[in-house]
Amino acid sequence: FKIVLLYLCVGQTGLQTTVQVVFAIPFILFSGFAGELADKYSKTWIMRLCKGWEVVAMVLAYWVLVGSSGVDKTTLTYRMLPLLFFMGMQSACFGPAKLGAVRRIVRPDEVTLASQVFQALTVLGIITGSVVGGVLLAVYPDALHVPFGWQIGIAVIGTATAFGIVSLRPEDPDRVIDWSWRKPV
């Protein structure tokens, strides 16, 4: 989604920077809380919730696209920024649950390899998304519903996959979440 938005504003350095910052801010603001939530609640439940959240965001992005018929790509990008922030929050919440689940799903002697595979697949997904997003926009420059439709399909597949993950119990269900941003280091 972020890559498609970046392609929409090619040549507009300020808008591309805005896209990058809007996506990054949720990681800065919410990653610490997400780690605490991943300890308090089931990591499986959080991953499934986040993947469902992604489907909702991509459907809303498609809806914004359809409702923005006739506007230029810059205006469309600005209209998508709240959903990009929403997706940044989804990613910030998904990461700690995903990474924390590895050591609970595999045997102790497999944690390093499993973590390496997870990380490699994450990077591969980012690279593939970047390439596919660019190709879809190049092939369908005047049919943005195609790349946005692909995004919905990928989100649905990811959500279905999350339901194949073994159910994990919360690690620390009695944990009290510290909602302040002034956490000790």
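**Note on helix packing and the nonpolar cores**

1. In this predicted model, Glu-54 lies in helix α3, which spans residues 43–67. Its relative accessibility is 12%, so Glu-54 counts as buried, the cut-off for that class being under 20%. Apart from neighbours within four places in sequence, the residues in contact with Glu-54 are Met-87, Gln-90 and Ala-155.

2. The largest nonpolar core comprises 27 residues, and those with the most contacts inside it are Phe-1, Met-80, Leu-84 and Phe-148. The elements that contribute two or more residues to this core are α1 (2–8), α2 (13–40), α3, α4 and α6 (145–162).

3. Phe-1 deserves a separate look. When its neighbours within four places in sequence are left aside, Phe-1 is in contact with Met-58, Ala-61, Met-80, Leu-83, Leu-84, Met-87, Phe-148 and Gln-151. There is also a second, separate core, made up of 11 residues, with Met-47, Cys-93, Ala-97 and Ala-101 among them.

4. Turning to the pairing of α4 (residues 73–105) with α5 (residues 111–139), the two helices pack at an angle of about 150°, and their axes are 9 Å apart. Because angles over 145 degrees count as roughly antiparallel, α4 is roughly antiparallel to α5. The crossing of α4 past α5 is right-handed.

5. At the contact between these helices, Lys-98, Val-102 and Arg-103 of α4 meet Val-111, Ala-114, Ser-115, Phe-118 and Thr-122 of α5. By class, the residues of this contact divide into 4 nonpolar, 2 polar and 2 charged.

How values were computed: Residues are numbered from 1 along each chain as its sequence is written. This is a predicted model: local features need pLDDT of at least 70, side-chain atom pairs count only at pLDDT 80 or more; totals for chains, interfaces and linings use all residues. Side-chain values use heavy atoms; hydrogens and water are left out. Axes are lines fitted to C-alpha atoms, for helices over the stretch in contact, and angles run from 0 to 180 degrees between N-to-C directions. Helices (H or I, at least four residues) and strands (E, at least two) are DSSP runs, numbered from the N terminus. Angles under 35 degrees count as roughly parallel, over 145 as roughly antiparallel, 65 to 115 as roughly perpendicular and the rest as oblique. A crossing is left-handed if the near helix is turned anticlockwise from the far one by less than a right angle, and right-handed if clockwise. Contact means heavy atoms within 4.5 Å. Ala, Val, Leu, Ile, Met, Phe, Trp, Tyr, Cys and Pro count as nonpolar, Asp, Glu, Lys and Arg as charged, and the others, Gly among them, as polar. Buried means under 20% relative accessible area, exposed over 50%, partly exposed in between (1.4 Å probe, protein chains only). A nonpolar core is a set of buried Ala, Val, Leu, Ile, Met, Phe, Trp, Tyr and Cys residues joined through side-chain atoms within 4.5 Å.
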